[in-house]
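The following explanation leads through one chain, from its overall layout to individual pairs of side chains. Please keep the sequence and the coordinates in view while reading.

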Amino acid sequence: LHVLKGFLEAVENGTLDSATKLEVDPTAETKEVKRIVVALDVRTNDHGDLVVTKGDQYDVRENHKEGVATGRGGVRNLGKPVALAARYYNEGADEIAFLNITSFRQGVVEDMPMLQVL
């Protein structure tokens with residue numbers, strides 16, 4: 001998050017071009033390591049709230065059956081993006097990717113709730 005924050009601040013301040021390149025030792029030994037990368041499919045629900053969904057097909061209009069909000073195609077709402085990201089981080093995730101699965105419906109600039117999450 002610090003790297004992302006630094007990048008965004010450099011873009012905002014106009015100092016990105018003056019950033020110094022990191023020195024890399026080409027002779028240093030590298031090793032493979034296992035990483036846990038979490039991908040959260042985020043969309044706006046019918047009430048305008050951002051939710052994380054899980055499913056096979058993304059016709060995500062909600063149906064309410066037995067008190068559970070689900071979409072067609074077996075889509076389930078799993079919770080709020082920030083809360084789930086915090087949970088995965090606390091459980092040891094190395095990376096968390098927020099995938100905006102509805103950006104094709106609206107322009108990216110118009111999708112301010114997703115930008116606020118990031």
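**An exposed glutamate and its surroundings**

At 52% relative accessibility, Glu-91 counts as exposed, because exposed means over 50% relative accessible area, buried under 20%, and partly exposed in between (1.4 Å probe, protein chains only). The model is a predicted one, in which local features need pLDDT of at least 70, side-chain atom pairs count only at pLDDT 80 or more, and totals for chains, interfaces and linings use all residues. Residues are numbered from 1 along each chain as its sequence is written, and side-chain values use heavy atoms, with hydrogens and water left out.

The side chain of Glu-91 meets that of Arg-87 in a salt bridge, at 3.2 Å from N to O. A salt bridge here is a side-chain nitrogen of Lys or Arg within 4 Å of a carboxyl oxygen of Asp or Glu. Side chains of opposite charge can pair when their charged atoms come close. Arg-87 is partly exposed, with 47% relative accessibility.

By this rule the count comes to two salt bridges. Arg-35 forms a salt bridge with Glu-95, and their closest N and O atoms are 3.2 Å apart. This pair links distant parts of the chain, 60 residues apart: Arg-35 belongs to the loop between α1 and β1 (37-44), and Glu-95 to strand β6 (residues 95-100). Arg-35 is partly exposed at a relative accessible area of 47%, and Glu-95 is partly exposed at 38%. The loop between α1 and β1 also holds Lys-34, which is exposed, with a relative accessible area of 85%.

Helices (H or I, at least four residues) and strands (E, at least two) are DSSP runs, numbered from the N terminus.

Helix α2 (residues 81-90) has Pro-81, Leu-84 and Ala-85 buried. These residues lie on the same side of α2, because they cover an arc of only 100° around the axis, the arc being that of the directions from the helix axis to the C-beta atoms. On the other side of α2, Val-82, Ala-83 and Asn-90 are exposed. Gly-92 follows α2 and has a positive phi, near 105°.

Helix α1 (residues 2-13) contains Leu-8, which is partly exposed at 48% relative accessibility.

For the chain as a whole, 20% of the 118 residues count as buried. The chain exposes about 9500 Å², of which carbon and sulfur atoms supply 54%; accessible areas come from the Shrake-Rupley method with a 1.4 Å probe, and for residues only the protein chains shown count as cover. Among contacts (heavy atoms within 4.5 Å) between residues at least 6 apart in sequence, 50% join residues at least 24 apart.

Confidence is described by pLDDT, the predictor's confidence in each residue, from 0 to 100. The chain has a mean pLDDT of 75, and 68% of its residues reach 70 or more. Among its elements, α2 has the highest mean pLDDT (90) and strand β4 (residues 68-71) the lowest (49). Where pLDDT is low, the predicted coordinates should not be read in detail.
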